[in-house]
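Trainee: I have a structure on the screen and would like to go through it with you. Could we begin with the charged pairs and then move on to the rest?

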Amino acid sequence: VSGQLLETLDGGARILIPEAEREVIAEFAADLARWLQNAGSREPFFYRLLPPASLTDPALAESFRELTGDEILTGHIEGLRRVAAEIEADFVPVSRLEGWLPAINVMRLFLATVLDLDEKGPTVTRTKEAETLYSFFGYLSVLQEEALAVVSGGQDG
Amino acid sequence: VGVLPWSVVVWNDPVNLVNYVAWVFERVLGYDRPAARALTLRVHEDGKAVVAWGSREKAESDVKRLHAYGIWATLERMR
């Protein structure tokens with residue numbers, strides 16, 4: 001999968017994602033936003049979305065989460081909702097594409113947590129459902145790299 | 001005690017892409033592209049790297065902004 005975003009000379013990208021794939025991305029982003037809104041912040045699947053701010057000082061990690069957790073989570077939710085709404089467009093300016101990047105990452109982080117991903121791939125049982133999610137994880141990785149290339153002006157890195 | 005600054009440590013993980021992490025270091029921490037890239041590779045190869053330091057308030061602000069981008073960062077008091 002590639003060629004989902006085509007950089008344009010007027011500072012943005014044409015979105016060339018097929019309609020069916022746009023629907024999957026929009027539905028997943030909206031569903032995840034809804035779930036994050038409703039789930040308690042102690043949900044284990046939040047591990048990568050709200051990581052501990054200290055590995056050696058539990059009190060510091062706890063107070064940091066108390067102070068910042070809601071705001072960070074709200075940002076994740078708003079970003080997902082923006083992607084769900086904007087993925088249907090034909091064109092996305094760089095300023096909005098920059099907002100997609102952390103939202104795409106939230107989707108990847110969530111999938112990686114569900115799949116218990118390590119360097120070699122998922123460590124959960126390779127069911128059909130897990131394979132589908134892992135494929136979607138890979139798809140989002142390509143999309144994120146293409147978005148990065150556009151916001152970085154087509155330069156490497 | 002309380003005089004030494006705090007450091008911001010970013011940890012390697014198998015999920016975040018190298019190009020994305022480098023972009024976040026540019027955007028959030030203000031590194032230029034080569035420095036951001038070098039720092040990202042250090043995180044990847046060494047498992048972690050100090051990416052910023054300063055007062056506790058500054059370090060907390062940096063960690064919060066990195067978490068907003070999905071980067072696993074921690075605070076450490078320099079001893």
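Mentor: We may begin with D31(A) and R34(A), whose side chains meet in a salt bridge (2.8 Å, N to O). A salt bridge here is a side-chain nitrogen of Lys or Arg within 4 Å of a carboxyl oxygen of Asp or Glu. This is a predicted model, in which local features need pLDDT of at least 70 and side-chain atom pairs count only at pLDDT 80 or more, while totals for chains, interfaces and linings use all residues. Residues are numbered from 1 along each chain as its sequence is written, chains are lettered from A and ligands numbered from 1 in the order in which they are written, and side-chain values use heavy atoms, with hydrogens and water left out.

Trainee: Where do D31(A) and R34(A) lie?

Mentor: Both are in helix α1 of chain A, 3 residues apart, which is about one turn of the helix. Helices (H or I, at least four residues) and strands (E, at least two) are DSSP runs, numbered from the N terminus.

Trainee: Why does D31(A) count as partly exposed?

Mentor: D31(A) counts as partly exposed because its relative accessibility is 36%. R34(A) is partly exposed as well, with a relative accessible area of 46%. Buried means under 20% relative accessible area, exposed over 50%, and partly exposed in between (1.4 Å probe, protein chains only).

Trainee: How many salt bridges are there over all chains?

Mentor: The search of the whole structure finds 8. One network of salt bridges links K58(B), D62(B) and R65(B).

Trainee: And how many salt bridges across the interface of chain A and chain B?

Mentor: The rule finds 2 there. In one salt bridge, E71(A) pairs with K64(B), the closest N and O atoms being 2.8 Å apart. E71(A) lies in helix α2 of chain A and K64(B) in helix α3 (residues 56–68) of chain B, so the pair joins two chains. K64(B) counts as partly exposed, at 25% relative accessibility. Another pair crosses between chains, from R27(B) in helix α1 (residues 18–29) of chain B to E98(A) in helix α3 of chain A. The side chains of R27(B) and E98(A) meet in a salt bridge at 3.2 Å, N to O.

Trainee: What about the interface in general: how many residues of chain A are in contact with chain B?

Mentor: On chain A, 34 residues are in contact with 27 residues of chain B, where contact means heavy atoms within 4.5 Å. The two chains bury about 2,700 Å² between them, 62% of it on carbon and sulfur atoms. Buried area is the accessible area (1.4 Å probe) that two parts lose on being put together, summed over both.

Trainee: How many residue pairs are in polar contact between chain A and chain B?

Mentor: The count is 9 residue pairs, both residues at pLDDT 80 or more. A polar contact is a pair of N or O atoms within 3.5 Å; within protein, one must be able to donate a hydrogen and the other to accept it, and residues adjacent in sequence count only if both atoms are side-chain atoms.

Trainee: Which elements of chain A give two or more residues to that side?

Mentor: They are α2, α3 (94–114), β4 (117–118) and α4 (128–151) of chain A. The largest share, 7 residues, comes from α3(A).

Trainee: Changing topic, I noticed R48(A). Is R48(A) buried or exposed?

Mentor: R48(A) is buried yet has no salt bridge. The nearest side chain of opposite charge, D13(B), is 5.3 Å away; Lys and Arg count as positive and Asp and Glu as negative, while His and the chain ends are not counted. R48(A) is found in the loop between α1 (19–38) and α2 (58–86) of chain A.

Trainee: What does the side chain of R48(A) reach?

Mentor: It reaches the backbone oxygen of A112(A) at 3.4 Å. Leaving aside neighbours within four places in sequence, the contacts of R48(A) include L109(A), T113(A) and L117(A), as well as P14(B) and V15(B).

Trainee: Last one: where is L16(A) found?

Mentor: L16(A) is in the loop between β2 (12–15) and α1 of chain A. L16(A) is partly exposed, with a relative accessible area of 37%. Between L16(A) and Q4(A) there are 4.9 Å in space, C-alpha to C-alpha, although they are 12 residues apart in sequence.
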